[in-house]
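Student: I am new to this structure. Please take me to one loop for a close look, then lead me from there to the rest of the fold.

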Amino acid sequence: QFVIDGSTGRILGMTDGGFLPHPVAAEDGSFFAQASTVFERIARGKRTDYVEVFDPVTFLPIADIELPDAPRFLVGTYQWMNALTPDNKNLLFYQFSPAPAVGVVDLEGKTFDRMLDVPDCYHIFPASPTVFYMNCRDGSLARVDFADGETKVTNTEVFHTEDELLINHPAFSLRSGRLVWPTYTGKIFQADLTAEGATFRAPIEALTEAERADDWRPGGWQQTAYHRQSDRIYLLVDQRDEWKHKAASRFVVVLNAETGERINKIELGHEIDSINVSQDAEPLLYALSAGTQTLHIYDAATGEELRSVDQLGRGPQIITTHDMDS
């Protein structure tokens with residue numbers, strides 16, 4: 001994991017990610033962490049799943065929490081498969097095998113807490129210290145409440161049809177509870193998630209009918225970003241064949257999340273796999289190329305490229321930003 005000052009392009013430090021790391025960062029900047037896996041002989045041998053928590057100044061580990069044999073997350077770099085609760089006290093991680101479950105890691109106590117039985121749903125979107133939402137196969141969200149040692153699951157209304165396929169990397173604002181989730185064709189669903197319930201907004205289209213007819217589609221690894229203060233959505237797009245939604249893109253469309261109005265279409269000038277935005281009043285647009293191991297940094301308002309940072313390991317994929325501004 002590389003920690004980068006976006007305003008200067010300076011690398012502040014780095015940590016070892018293990019085999020399949022999944023990064024998370026406290027919104028207040030007080031720490032960052034990862035859930036990861038290592039094998040005794042690199043690709044075989046004794047397996048250890050663990051959570052590491054790092055000091056953001058020294059980059060030294062302040063907690064090293066080994067998980068028991070039962071949990072098996074191995075979710076790779078899919079954002080929101082693991083998440084911090086809003087109070088930064090617990091890390092929640094998703095388990096694929098042997099059955100769907102969500103693990104709770106007590107970061108204050110520096111220990112694994114318990115596994116929560118959940119339905120066959122995916123992603124973790126925390127709405128309070130004890131409530132989170134997951135996406136289910138029927139097109140609804142599961143609301144999971146694990147307060148008082150019990151796990152209670154209820155489902156929201158169905159918000160998308162079976163043939164409206166959601167991409168694997170939605171954007172979610174932990175501070176506002178806004179979930180932004182595009183489909184393979186650029187239709188964007190939005191929900192406001194609270195501890196009490198979910199409110200779904202009218203879907204918007206990121207691409208025009210003419211663009212869709214001309215094979216414009218979202219694409220990349222982390223294709224979506226949301227800026228909370230301006231209520232704007234950023235979506236990575238390009239002309240591509242169907243089912244090429246993981247291939248890199250060269251453009252970003254910027255949308256008013258309330259009205260769906262297009263504000264800008266930014267030509268990035270590079271083959272980009274992942275995007276994100278800083279959460280300050282004058283945001284930066286971050287665009288990451290896994291192929292060249294380079295982070296390109298743009299003015300999010302104008303699309304002007306300001307600086308870049310290269311030599312970022314091998315195949316970098318996920319960009320995590322803080323949201324410390326009011």
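**A loop, and what lies beyond it**

Tutor: Start at Trp 243, which sits in the loop between strand 22 (232-239) and strand 23 (249-256). Keep in mind that this is a predicted model. Look at the backbone of Trp 243 first. Its phi is near 70 degrees, a positive value in a residue other than glycine. Most residues other than glycine have a negative phi. Is Trp 243 buried or exposed? Trp 243 counts as exposed because its relative accessibility is 55%, and the cut-off for exposed is over 50%.

Now go to Gln 311. Gln 311 is not a glycine either, yet its phi is positive, about 60 degrees. This residue lies in the segment after strand 28. Gln 311 has a relative accessible area of 65%, so it is exposed.

Step back into strand 28 itself. Strand 27 and strand 28 form a hairpin, with five residues between them. In that turn, Gly 303 has a positive phi of about 85 degrees. Strand 27 covers residues 294-299, and four bridges join it to strand 28. The two strands run antiparallel.

Strands of a sheet pair through backbone hydrogen bonds. In a regular strand, the side chains alternate between the two faces of the sheet.

The largest pocket has a volume of about 1,400 Å³. It is lined by 44 residues, and the closest to its centre are Phe 2, Val 3, Ile 4, Ile 318 and Thr 320. Which element gives the largest share of the lining? Strand 1 does, with four residues. By class, the lining of the largest pocket has 22 nonpolar, 16 polar and six charged residues.

Of its 16 lining residues, Tyr 122, Asn 135, Cys 136, Arg 137 and Leu 166 are the closest to its centre. Strand 11 (121-128) and strand 12 (131-136) each supply at least two residues of this lining. The lining divides into seven nonpolar, six polar and three charged residues.

The core has 34 residues, and Val 102, Phe 125, Phe 132, Met 134, Leu 179 and Leu 193 touch the most other members. At least two core residues come from each of these elements: strand 8 (90-95), strand 9 (101-106), strand 11, strand 12, strand 13 (141-145), strand 16 (178-182) and strand 17 (187-193). Strand 12 supplies the largest share of the core, five residues.

Ser 176 lies in the loop between strand 15 (171-172) and strand 16. Ser 176 is partly exposed because its relative accessibility is 34%, while buried would mean under 20%. Ser 176 and Thr 194 are 18 residues apart in sequence, and their C-alpha atoms are 8.8 Å apart in space.

How many cavities of 30 Å³ or more does a search of the whole structure find? The search finds one. The largest cavity holds about 390 Å³ of space. It has 25 lining residues, and Glu 27, Gln 79, Trp 80, Phe 172 and Thr 321 lie nearest its centre. Strand 3, strand 7 (82-84), strand 15 and strand 21 (224-227) each give two or more residues to this lining. The lining of the largest cavity has 13 nonpolar, ten polar and two charged residues.

Notes: Residues numbered from 1 in each chain as written. Predicted model: local features only at pLDDT ≥ 70, side-chain atom pairs only at ≥ 80, totals over all residues. Heavy atoms only, no water. Pairing = 2+ DSSP bridges. 1 Å grid on protein atoms, 1.4 Å probe; cavity = no way out; pocket = protein on both sides within 12 Å on 5 of 7 lines; lining within 4 Å. Points joined across faces, edges and corners; volume = space filled by probe spheres on them. Nonpolar A, V, L, I, M, F, W, Y, C, P; charged D, E, K, R; others polar. Core = buried A, V, L, I, M, F, W, Y, C linked by side-chain atoms within 4.5 Å. Buried < 20%, exposed > 50% of the residue type's maximum accessible area, 1.4 Å probe, protein only.
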